[in-house]
Amino acid sequence: MNRQVVRHLLPAVLAASLATVVSAAHAATEVSPAQAATAGPARSASPAPLAAPAPVACPPVLAEKATCYAGQDADGAHYTIAVPTRWNRSLVVHAHGGPDLGAASDPARSADDLARWAVMVEEGYAWAGSSYRRGGYGTRMAAADTESVRRLFVAAFGEPRRTYVHGQSWGGNVAAKVAEVYGDRRGAYDGVLLTNGVLGGGSRGYDYRVDLRVVYQYYCHNHPRPTEPQYPLWQGLRPGSTMTSAGLRSRLQECTGFSSAPADRTPLQQRNLDDILAVTGIPERTLESHLRFATFTFRDIVAERLGGRNPFGNEGVRYRGSHDDKALNAGVERFSPDPTARRDLSYDSDLTGKVDLPVLTLHAIDDPTAFVEHESAYRDTLRGAGRDGHLVQTFTRESEHSGLSDSEYANSLAALDTWVRTGDRPTPREIAASCPAYDRVHGTGCFYDPRFRPAPYASRVEPRPGGRSWPAMTAAQERAWSRVDGVGIAP
């Protein structure tokens, strides 16, 4: 379908189909007074009526290759859509990572992601991505907004032949949640592509950042300083603090000299840096970004999403690898989670593994942000739910988090599409073997290692009590919690 045809079809299609979708959305969200009395905040995140998209300029990389649209849905989420000039009639619905911490939906986020994953449009797939209705943590909210943009696309352009949901980083968690919550709707989704995904869920997937927060403070004593108001470290940062990312970077530099050449660090800075990295297992190049998450995103989770309650804990964790483990374990701050806070974070973000769609994952072995052991957590989650037959995992000898080879993205999408069309589950070796054909087009390289298998999640992150079995939240537990008034994180 060319761009001129799409432009001519859009008004007529929208006039009829958007009205139908709006009516259906109202019916789907209509509840009785009794239901309203027991509906918790997380459950109110169901998709809302949709607004029509408007034509906009495509990113330069897609100039003359697609027609692009943008808009804002009824919940305030900005979105971007691209329809290729040579559309193969299939759709990729994209879930972005983060979470971003701005108060409102950022229209640039979905547009930037379209440019980053333009290879999917170049391969003939339509693309739709939501910027989510607000910044801050909220996996179910983000999943609802992702489903919302899918429904908007269908209203505007008709039912695609096949629909795939893709997520990278935290967006992998969101896309996996989309598959569990909306994947059983007839015709909604046909397959799932998760790339460099944060797949351990919120209740366990951030424990290594909890460890970083307390280990950093033990050695550095400057976050907070002794002269500043004190607060429990699970807060990330005290409410009302005006600390900025630049201020945090300055304190990290003061303690560890991380941005200086080794020869320019003091002996104490070097020892502090060595101890922090050895104990936490965090790569030096992403130390600052992990500490930012354990500061600003933890504050968002605790103060903004959980009403000041603590979902994190490190009681019983034995820290190892420092120059004096005994002193470290005796002196590091300890705390236990509030059970209701941990429940709400788990309900919002943990995965049950109850998915009946083909799921293909692609993960850099040396991903410095979402460690590859997240894939072990997801594998064990699906196995615990008896659904691991729906999963194929692939790994590459890459070392970046935010972007992988375009050749691999194109190859992964094609492998998933073939799996869905034929019902033949591919092997990692077969997927690796098909990549060179796409590399001849995109030229960004194929780096698959079909023999790689990640170590258990517990080998990378010291498990908390009860943290060795997966899934972290069973489908039965999810159903039970869904009946609790106010459970989860409000959209």
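The structure is a predicted model, in which local features need pLDDT of at least 70 and side-chain atom pairs count only at pLDDT 80 or more, while totals for chains, interfaces and linings use all residues. Residues are numbered from 1 along each chain as its sequence is written, and side-chain values use heavy atoms, with hydrogens and water left out.

The mean pLDDT (the predictor's confidence in each residue, from 0 to 100) of the chain is 90, and 90% of the residues reach 70 or more. Over residues 1–45, however, the pLDDT is below 50, and this stretch has 79 contacts in the model beyond near neighbours in sequence; a contact means heavy atoms within 4.5 Å.

The chain holds 17 helices and nine strands. Both kinds of element are DSSP runs numbered from the N terminus, helices being H or I of at least four residues and strands E of at least two. Of the 491 residues, 57% count as buried, where buried means under 20% relative accessible area, exposed over 50% and partly exposed in between, with a 1.4 Å probe and protein chains only. Among contacts between residues at least 6 apart in sequence, 78% join residues at least 24 apart. The chain exposes about 19000 Å², of which carbon and sulfur atoms supply 51%; accessible areas come from the Shrake-Rupley method with a 1.4 Å probe, and for residues only the protein chains shown count as cover.

Now to the cysteines. Three disulfides (pairs of cysteine sulfur atoms within 2.5 Å) are found in a search of the whole structure. Taken in sequence order, the bonded cysteines pair as 1-2, 3-4, 5-6.

The sulfur atoms of Cys58 and Cys68 lie 2.0 Å apart. The torsion about their S-S bond is about 110°, so this disulfide is right-handed. Cys58 sits in the loop between strand E1 (54–56) and strand E2 (66–72), and Cys68 in strand E2, so the pair ties together parts ten residues apart in sequence. Cys58 counts as buried because its relative accessibility is 17%, and Cys68 likewise at 2%.

In the disulfide of Cys220 and Cys255, the sulfur atoms are 1.9 Å apart. Helix H8 (residues 207–220) contains Cys220 and helix H9 (residues 245–256) contains Cys255, so parts 35 residues apart in sequence are tied together. Both Cys220 and Cys255 are buried.

Cys435 is joined to Cys446 with an S to S distance of 2.1 Å. Here the torsion is about -85°, so the disulfide is left-handed. Cys435 belongs to helix H16 (residues 428–442), and Cys446 to the loop between H16 and helix H17 (475–482), eleven residues apart. Cys435 is buried at 0% relative accessibility, whereas Cys446 is partly exposed at 25%.

What of the interior? In soluble globular proteins, nonpolar side chains tend to be buried together. A nonpolar core is a set of buried Ala, Val, Leu, Ile, Met, Phe, Trp, Tyr and Cys residues joined through side-chain atoms within 4.5 Å. The largest such core has 89 residues, of which Ile81, Phe312 and Tyr378 touch the most other members. Helix H5 (residues 139–157) gives the largest share of this core, nine residues. Apart from this core lies another, of 31 residues, including Ala118, Leu362, Tyr409 and Ile431. Leaving aside residues up to four places away in sequence, Ile81 touches Cys68, Trp127 and Phe153, among others.
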